[in-house]
Amino acid sequence: MIRDITLGQYYQQAKPSPIHRLDARTKIIGVFVYIIALFVAKDFLSFVIAAAVTAVLIMISRVPLRFILRGAKAIIWIILFTFILNLFMMEGRILWQFGFLTITAEGLAMAARTATRLFLLIFGTSLLTFCTKPSELTDGLETLLSPFDRIGMPSREIALVMTIALRFIPVLTDEADKIMKAQQSRGADFESGNLIARAKSLLPVLVPLFVSSFRIASELALAMESRCYGGKHRTRIREHRFGAGDAAAGLLLAAFLGTEIVLRIIGG
């Protein structure tokens, strides 16, 4: 499952897709609009539209669906737990009852909405890192946060920290995979036993993983210091500008959000 984590990875393509070519600021704003639209969605038609929009975005990005699904495996248990929690925790018209366990129509509807929302959220938002290079993502975040410099917020440092955090996910995933393979070659067993036994078997991986993460962070800090990185008054080799594609993407996302809001108002 460690090898299935794809969050934070950039999917390189020989010929960049239209989403790859969009300005990083457009994609960041688009992710926020997409998230708002998903949480506005409430009825069946709203989720069908959201699923259709997500499918179109995946097709346009040309990121293989199996690559995205591979990343979803890592959190399938969280989605399943959320589904079960909503299934038994809502009061309403009883559909099934056994002892203290009760499934209601309202609980089933809430569980279905929550699980669908989480799946779409993973598929849609993961395109941000799949289709945006870390350097472009840093520049985009820095530009969007720059107005807050007037109130003393260090926008450059915040953008850098957020980008490094995303970039470290695949790095630490690869490091954990190497540690597990090294321990398996020495007789460690991570596959047999129940869920609790497997979780306990992963504890010896955590210590060397923490040591390795501190080592990587120290090397990164030394590399930044050796390049005299100060975070202020930096120039860019490439200036980002909004184009016709960004305008079209903005209009489509605004239409998507507007449609979800209208359906939410009509549906009550």
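1. Phe67 has a relative accessibility of 13%, so it counts as buried, the cut-off being under 20%. Helix α4, residues 65–72, holds Phe67. Phe67 sits 63 residues from Phe130 in sequence. In space, their C-alpha atoms are 9.9 Å apart.

2. A word on confidence. The model is predicted. Mean pLDDT for the protein is 82, and 91% of the residues reach 70 or more. Helix α2 (residues 24–40) has the highest confidence, at a mean of 93. Helix α9 (residues 195–201) has the lowest, at 71.

3. Next, the surface. A nonpolar patch is formed there by Ile76, Trp77, Leu80, Ile84 and Phe119. Together these residues have about 450 Å² of accessible area. Helix α5 (residues 76–88) gives the largest share of the patch, four residues.

4. Ile76 lies in helix α5. Its relative accessible area is 35%, so Ile76 is partly exposed; that class falls between 20% and 50%.

5. Then the second largest pocket. Its space is about 600 Å³. The lining has 24 residues. Closest to the pocket centre are Ile19, Leu22, Leu57, Ala249 and Leu253.

6. Which helix supplies the largest share of that lining? It is α11, with seven residues. Helix α11 spans 244–267. At least two lining residues come from each of α1 (18–21), α2, α3 (44–61), α6 (105–130) and α11. Of these, α2 is also the helix with the highest confidence.

Note on methods. Residues numbered from 1 in each chain as written. Predicted model: local features only at pLDDT ≥ 70, side-chain atom pairs only at ≥ 80, totals over all residues. Heavy atoms only, no water. Buried < 20%, exposed > 50% of the residue type's maximum accessible area, 1.4 Å probe, protein only. pLDDT = per-residue confidence, 0-100. Patch = residues over 30% accessible without salt bridge, like charges linked within 9 Å, V, L, I, M, F, W, Y side chains within 5 Å. Areas by Shrake-Rupley, 256 points an atom, 1.4 Å probe, with all protein chains shown as cover. Salt bridge = Lys/Arg side-chain N within 4 Å of Asp/Glu carboxyl O. 1 Å grid on protein atoms, 1.4 Å probe; cavity = no way out; pocket = protein on both sides within 12 Å on 5 of 7 lines; lining within 4 Å. Points joined across faces, edges and corners; volume = space filled by probe spheres on them.
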